[in-house]
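User: I have a new structure open and could use a quick tour. Can you walk me through it?

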Amino acid sequence: TVLASFRLNWVKLAGVLAQSKHDHEAVVLYDGLVKAGMELPALDLLRHADVLARLNRPGPALALYKRAVVAGLEPQQEAWAQLQMVQLARGSKREDFVRSGLRALSMNPDSLVRRMAAVLETELPQLQVGQGGKKP
């Protein structure tokens, strides 16, 4: 239908804006499409999450990264989403979420992703410092 074609074009435009780092414009389009009841494809959920993360909106970004992973991403995209979720969870001091995310990343078939997870895991004790603990 014409409406479906129109919405698809807006999704494409939002994706281009997101990739071009025109974050404010992209988030307006994505938010409008979601409010209009459109289900975004997994890749656009990922792009929308990236935009929200860059705009320092970690809560909504984290939720969209989760939805993108559930919706089904390519392996590299899924690894990116998982890394972003770990980073956002670290920022909100959600150590349990960080540890489970790092466990999942440490089993990734890509050796670079596994190394990134290992590096991030070495930084975990820093989370405890802000919770009244002493740095080892």
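This is a predicted model: local features need pLDDT of at least 70, side-chain atom pairs count only at pLDDT 80 or more; totals for chains, interfaces and linings use all residues.

User: What is the secondary structure of the chain?

Analyst: Eight helices and zero strands. The order from the N terminus is α-α-α-α-α-α-α-α. Helices (H or I, at least four residues) and strands (E, at least two) are DSSP runs, numbered from the N terminus.

User: How much of the chain is buried?

Analyst: Of the 136 residues, 38% are buried. Buried means under 20% relative accessible area, exposed means over 50%, and partly exposed is in between (1.4 Å probe, protein chains only).

User: Let's go inside. Which residues touch the most other members of the largest nonpolar core?

Analyst: Tyr65, Leu73, Leu102 and Leu105, in a core of 38 residues. A nonpolar core is a set of buried Ala, Val, Leu, Ile, Met, Phe, Trp, Tyr and Cys residues joined through side-chain atoms within 4.5 Å.

User: Which elements give two or more residues to this core?

Analyst: They are α1 (2-19), α2 (23-35), α3 (42-54), α4 (58-71), α5 (75-91), α6 (95-106) and α7 (111-122). The largest share, seven residues, is from α5.

User: What is tyrosine 65 in contact with?

Analyst: Beyond its neighbours within four places in sequence, tyrosine 65 contacts Leu46, Ala49, Asp50, Ala53, Trp80, Ala81, Gln84, Met85 and Leu88. Contact means heavy atoms within 4.5 Å.

User: Where is valine 86, and is it buried or exposed?

Analyst: Valine 86 is in helix α5. It is buried, at 1% relative accessible area. Leaving out residues up to four places away in sequence, valine 86 touches Val98, Gly101, Leu102, Leu105 and Leu120. Its C-alpha atom is 9.2 Å from that of alanine 117, which is 31 residues apart along the chain.

User: New topic. How many salt bridges does the structure hold?

Analyst: Three. A salt bridge is a side-chain nitrogen of Lys or Arg within 4 Å of a carboxyl oxygen of Asp or Glu.

User: What does arginine 54 form a salt bridge with?

Analyst: Aspartate 23, with the closest N and O atoms 2.7 Å apart. Arginine 54 is in helix α3 and aspartate 23 in helix α2, so the pair ties together parts 31 residues apart in sequence. Arginine 54 is partly exposed at 36%, while aspartate 23 is buried at 12%. Aspartate 23 also touches Ala18, Val51 and Leu55, among others.

User: Which side chain meets glutamate 39 in a salt bridge?

Analyst: That of arginine 67, at 3.6 Å, N to O. Glutamate 39 is in the loop between α2 and α3 and arginine 67 is in helix α4, so this pair ties together parts 28 residues apart in sequence. Glutamate 39 is exposed at 62%, and arginine 67 is partly exposed at 38%.

User: What about aspartate 44?

Analyst: Aspartate 44 pairs with arginine 47, the closest N and O atoms being 3.8 Å apart. Both lie in helix α3, three residues apart, about one turn of the helix. Aspartate 44 is buried at 8%.

User: Now α6. Which of its residues are buried?

Analyst: Glu95, Phe97, Val98, Gly101, Leu102 and Leu105. Seen down the axis of α6, they fall within an arc of 155 degrees, so they line one face of the helix. The arc is that of the directions from the helix axis to the C-beta atoms. Asp96 and Arg103 are exposed on the other side of α6.

User: Last one. Where is asparagine 56?

Analyst: In the loop between α3 and α4. Asparagine 56 is exposed, at 64% relative accessible area. Its phi is near 60 degrees, a positive value in a residue other than glycine. Most residues other than glycine have a negative phi.

Note on methods: Residues are numbered from 1 along each chain as its sequence is written. Side-chain values use heavy atoms; hydrogens and water are left out.
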